[in-house]
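Open the model in your viewer and keep the selection tool at hand. Each stop below gives a selection and what to look for.

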Amino acid sequence: MLRYVLKRLLQVIPVLIGVSIIVFTILRVFSPDPAPVVLGQHATAEAVTEWRNANGLNDPLPIQYFNFIKGIFTGDLGTSYYTKKPVLDEITSRFPATIELAVLATIFASIFGILIGVVTAVKKNSIWDNLGMFFALIGVSIPIFWLGIMLIIVFSGTLGWLPSGQRIDPLLRPNKITGLYLIDTLLKGDLRAFKDAALHLVLPVCALGMYSMAIIARMTRSSMLETLNQDYIRTARAKGVIKNRVIIHHALRNALIPIVTVIGLQLGALLGGSVLTETVFSWPGIGSYTVNCILKSDFPVVQGVVMLIAIIFVLMNLLVDIIYAFLDPRIKYSKKEG
Amino acid sequence: MEKKDNATLSANDIQAAAVLEKPESQLLEMWRTLLENKAAVLGLVIIVFLIFIAVFGRFLMPYEPNAADMTNTFAKPSAEHWFGTDQQGRDIFSRVIDGTKISLRVGLSAVAIALSVGTVLGALAGYYGGKIDTIIMRIMDIMLSIPSILLAITFMAALGKGIDKAIIAIGLVSIPEYARIVRGSILSIKENDYVQAAKVIGNKDSVIIFKHILPNVLSSLIVRATLGISMAVLDTAALGFLGLGVQPPYAEWGDMLGRSRGFIFSAPHTLIFPGLAITITVLAFNLLGDGLRDAIDPKSRK
């Protein structure tokens, strides 16, 4: 097992080097000069040259790339063209907001996705099946940002039940411990702030998690249908095991392997989707920030964010593979033999 | 001499059989099964309707889609303006109709780019194997390790805004999926007897790939491309919404949503219809794509 993990870990390295080359090439080689955007159109030629020198943009490309890679390892990703703050600080200060949202959306998507998948599979061809699958179809077809807008119109505008944006009432904002407001407010024992932060999360989590929920529901349904047809399920039923027990202990447990894979892969989709959700809900995370940085040509930040998300995504895939190997011993064995 | 002729003949027979029988009957069969699937037919009907609107839209629009009327901004939906008017007093109904053309154009063109480049790359990787395979598929893996919407907006940062650039960015990010499908199918097909036979009789590699192998992948590619159009329409709208995609004066659904977002409480009607149009379009291609997948793969059928 350890050998398998190490082997997969080594395979991650060339992928990440590749990501760094692609990101660097797109932003430093093919992108238009950021100087006129950052300094304004009326900047003098000397000012532009001076600014480019100061930001290392006049160095030969291989040197720029080398500095970029060196920065990844030393934690120095450069400074934002605008705030002049280190990119790493800009990212880490916003990252907890994105993580809180993405993790909760994953939990939301997994719970409801598996629930819908199991019910539709067990009640195959019933009205519940049709309703569930129609819901899942809508889930994969509706644009995240429009869903967010509609949720705001209904639940914030018309009904007035939930806040339409931001993470928390500014007066209740907790001191930073982890940066995750739900945890920070609990650690402080401030239940009012906890409730406020939770209410702020409801709509963005639903909007962001909807697509993944639909994907997980579809996957769960087809995986459950496959296991429900197996002989051991029939045996369990024939033995007189209670129906719900068969469904949960016998069928779902075996159907779970492909479902876990899909859930792991959804994290990438969720981090990508956070770009849109955060923009809709004015959520102060790295997603909305990245969009602003792209619009303003603040490339050091964009480079940093894309690298960070790629690293998380690649490591998540690795984790999925490892969990997969744990859940399904056949994979381990075949690796051993091979 | 006699013997050799026989060998050639039989190889030709196999070749002819492969070309004649496999792909066409398979597609026909796929089409028939598809027509039995109500949901897929609904998707198909909606798509035909959307194409009709895209082509004849200009005759259906009651107003000029880009004509501002500052005396009549944010009008609620009425008999005069079915979907109301936006912040510049433009008729939203006309703009939604106009947007159909752009969404379909971007969706189809992006998929065409991804499909052609992806197929060629996947075919090269699968057919030749070895170093070519490793290099191509590693690049595909790398592209897949960046969430597609993030990669697309990064491309837009480099390419600049605009409709053609949106097509390229969305097309580029979906190349790996097609490359993977084609490579996988080629790996499983290339050892088949009829492919070997085609090789033995001295066909060129390109002929073998395009005439003997790719037709077998066609049905999976059609499924992927149909679902790919729905993803491309979603991505186009997302880029537009973020202000990175299709630029004014074009009426693009995502761009319309992005620009009206500030009026979410004062004029929610400006945000309902463009989003509904995106959802219906994506839904239609998903319905058709799911139907096609069920039609070629009986296992996934309900």
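**Before you start.** This is a predicted model, in which local features need pLDDT of at least 70 and side-chain atom pairs count only at pLDDT 80 or more, while totals for chains, interfaces and linings use all residues. Residues are numbered from 1 along each chain as its sequence is written, with chains lettered from A and ligands numbered from 1 in the order in which they are written.

**Stop 1: colour by pLDDT.** pLDDT is the predictor's confidence in each residue, from 0 to 100. Chain A has a mean of 85, with 97% of its residues at 70 or more. Select 333-338 of chain A: pLDDT is below 50 there, and the stretch has 1 contact beyond near neighbours in sequence. Chain B averages 83, and 90% of its residues score at least 70. Now select residues 1-9 of chain B, where pLDDT stays under 50 and the model has 1 contact beyond four places in sequence. Residues 16-21 of chain B also stay under 50, with 3 such contacts. The model scores ipTM 0.85 and pTM 0.85.

**Stop 2: where the chains touch.** Contact here means C-beta atoms, placed from the backbone, within 7 Å. Chain B gives 37 residues and chain A gives 40. On chain B, select α4 (130-144), α5 (148-159), α9 and α11 (269-296), the elements that give two or more residues each. Helices are DSSP runs (H or I, at least four residues), numbered from the N terminus. Which element gives the largest share of chain B's side? It is α5(B), with 8 residues. Chain B's side divides into 24 nonpolar, 10 polar and 3 charged residues. Nonpolar means Ala, Val, Leu, Ile, Met, Phe, Trp, Tyr, Cys and Pro; charged means Asp, Glu, Lys and Arg; the others, Gly among them, are polar.

**Stop 3: α3 and α9 of chain B.** Select 92-128 and 205-241 of chain B: these helices pack at about 145 degrees, axes 8 Å apart. Axes are fitted to C-alpha atoms over the stretch in contact, and angles run from 0 to 180 degrees between N-to-C directions. Show side chains for the contact, including B:Val106 and B:Tyr127 of α3(B) and B:Ile209 and B:Thr236 of α9(B). By class, this contact has 15 nonpolar, 4 polar and 1 charged residues.

How values were computed. Contact = placed C-beta atoms within 7 Å.
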